[in-house]
Amino acid sequence: MGFSVKRIALIGLEGVGKSTLAYTFNLFLKKRGFSTGVANMDVCCKHLLYRPCFDLRKYYSLPRHAREFSELRKAYASAAENNKVLRELSDFNLDFLLLDANGALDLFLLSNAKSFLQETSDVVLHVFDNNFFNEVSLLKNASGLQSREIGLPTICVVNKIDLIKRTRQAKLFQ
């Protein structure tokens with residue numbers, strides 16, 4: 001059974017665990033027999049948990065302190081129009097390509113950086129920290145808004161859920 005590579009973008013604020021999730025999800029998929037790779041799309045990062053099969057820093061780089069909305073927006077908008085970047089991202093012979101990107105909802109919805117997701121991804125995982133949301137209904141609404149605005153299936157993921165006390169976990173998922 002052949003199918004084309006599924007490109008999954010992981011987006012979210014700094015520190016929510018996107019890179020760790022990309023790393024562990026990559027291992028999970030590999031253990032189940034899928035061919036996978038992780039692409040680093042964070043032009044500001046210094047260290048990675050994984051060896052990327054593609055690294056956007058090869059084309060663009062920003063100092064860590066330059067994580068300004070406008071600088072990231074420019075880098076992603078430029079990457080979406082860069083034929084070399086798009087060709088390299090489409091040339092992988094993989095079942096899954098995980099794109100570890102920096103940036104939250106506002107970066108991709110309120111700017112021309114959303115074209116970056118549209119050009120490079122099939123699905124978007126918007127990763128949230130365990131402290132960000134108190135209700136699942138907010139996650140559902142955010143997911144629907146993103147899917148409509150970006151034009152791609154979007155799933156909101158609460159990461160680091162194991163760090164929440166059990167009483168709060170039960171209340172969150174009632």
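Buried residues make up 47% of the 174 residues in the protein; buried means under 20% relative accessible area, exposed over 50%, and partly exposed in between (1.4 Å probe, protein chains only). This is a predicted model, in which local features need pLDDT of at least 70, side-chain atom pairs count only at pLDDT 80 or more, and totals for chains, interfaces and linings use all residues. Residues are numbered from 1 along each chain as its sequence is written, and side-chain values use heavy atoms, with hydrogens and water left out.

**Overall build**

- The protein has 7 helices and 6 strands. Helices (H or I, at least four residues) and strands (E, at least two) are DSSP runs, numbered from the N terminus.
- Along the sequence the pattern reads β-α-β-β-α-α-β-α-α-β-α-β-α.
- Of the contacts between residues at least 6 apart in sequence, 70% join residues at least 24 apart. A contact means heavy atoms within 4.5 Å.
- Accessible areas come from the Shrake-Rupley method with a 1.4 Å probe; for residues, only the protein chains shown count as cover.

**Strand pairing**

Two strands pair if DSSP finds at least two bridges between them.

- β2 and strand β3 (residues 54–55) run parallel and are joined by 2 bridges. Ala39 has Phe54 of β3 as its bridge partner.
- β2 also runs parallel to β4, with 5 bridges joining them. Here Thr36 is partnered by Phe96 in β4.
- β4 (residues 96–100) pairs with β1 in the parallel sense over 5 bridges. Ala9 stands opposite Leu99 of β4.
- β1 pairs with β5 as well, in the parallel sense over 4 bridges. Ile8 faces Val123 in β5 across this pairing.
- β5 (residues 123–128) pairs with β6 in the parallel sense over 5 bridges. His126 has Cys156 of β6 as its bridge partner.

**Strand burial**

- Strand β1 (residues 6–11) is largely enclosed by the rest of the structure, because 5 of its 6 residues are buried.
- Strand β2 (residues 36–40) is mostly covered, with 5 of its 5 residues buried. Thr36, Val38 and Asn40 point one way from β2, Gly37 and Ala39 the other way, and all are buried.
- Strand β6 (residues 154–158) has one covered face and one uncovered face. Thr154, Cys156 and Val158 form the covered face. Ile155 and Val157 form the uncovered one.

**Helix α3**

- Val85, Leu86 and Leu89 are the buried residues of helix α3 (residues 83–90). They cover an arc of only 95 degrees around the axis, so they lie on the same side of α3. The arc is that of the directions from the helix axis to the C-beta atoms.
- An α-helix has 3.6 residues a turn, so residues three or four places apart point the same way.
- Exposed residues Asn83 and Lys84 sit on the face of α3 turned away from its buried side.

**Salt bridges**

The count comes to 3 salt bridges. A salt bridge is a side-chain nitrogen of Lys or Arg within 4 Å of a carboxyl oxygen of Asp or Glu.

- Arg7 forms a salt bridge with Asp122, with the closest N and O atoms 3.0 Å apart. This pair links distant parts of the chain, 115 residues apart: Arg7 is in strand β1, and Asp122 is in the loop between α5 (114–120) and β5. Arg7 is buried, at 17% relative accessible area. Asp122 is partly exposed, at 27%.
- Asp55 forms a salt bridge with Arg57, with the closest N and O atoms 2.6 Å apart. Asp55 is buried, at 17% relative accessible area. Arg57 is partly exposed, at 26%.
- Glu88 and Lys58 meet in a salt bridge through their side chains (3.3 Å, N to O). Glu88 lies in helix α3 and Lys58 in the loop between β3 and α2 (69–80), so the pair ties together parts that are 30 residues apart in sequence. Glu88 is partly exposed, at 23% relative accessible area. Lys58 is exposed, at 60%.

**Surface patch**

- Tyr23, Leu27 and Leu49 form a nonpolar surface patch with about 250 Å² of accessible area together. Patches are made of residues with over 30% relative accessible area and no salt bridge; like charges are joined within 9 Å, and nonpolar side chains (Val, Leu, Ile, Met, Phe, Trp, Tyr) within 5 Å.
- Tyr23 is found in helix α1 (residues 18–31). Tyr23 is partly exposed, with a relative accessible area of 31%.
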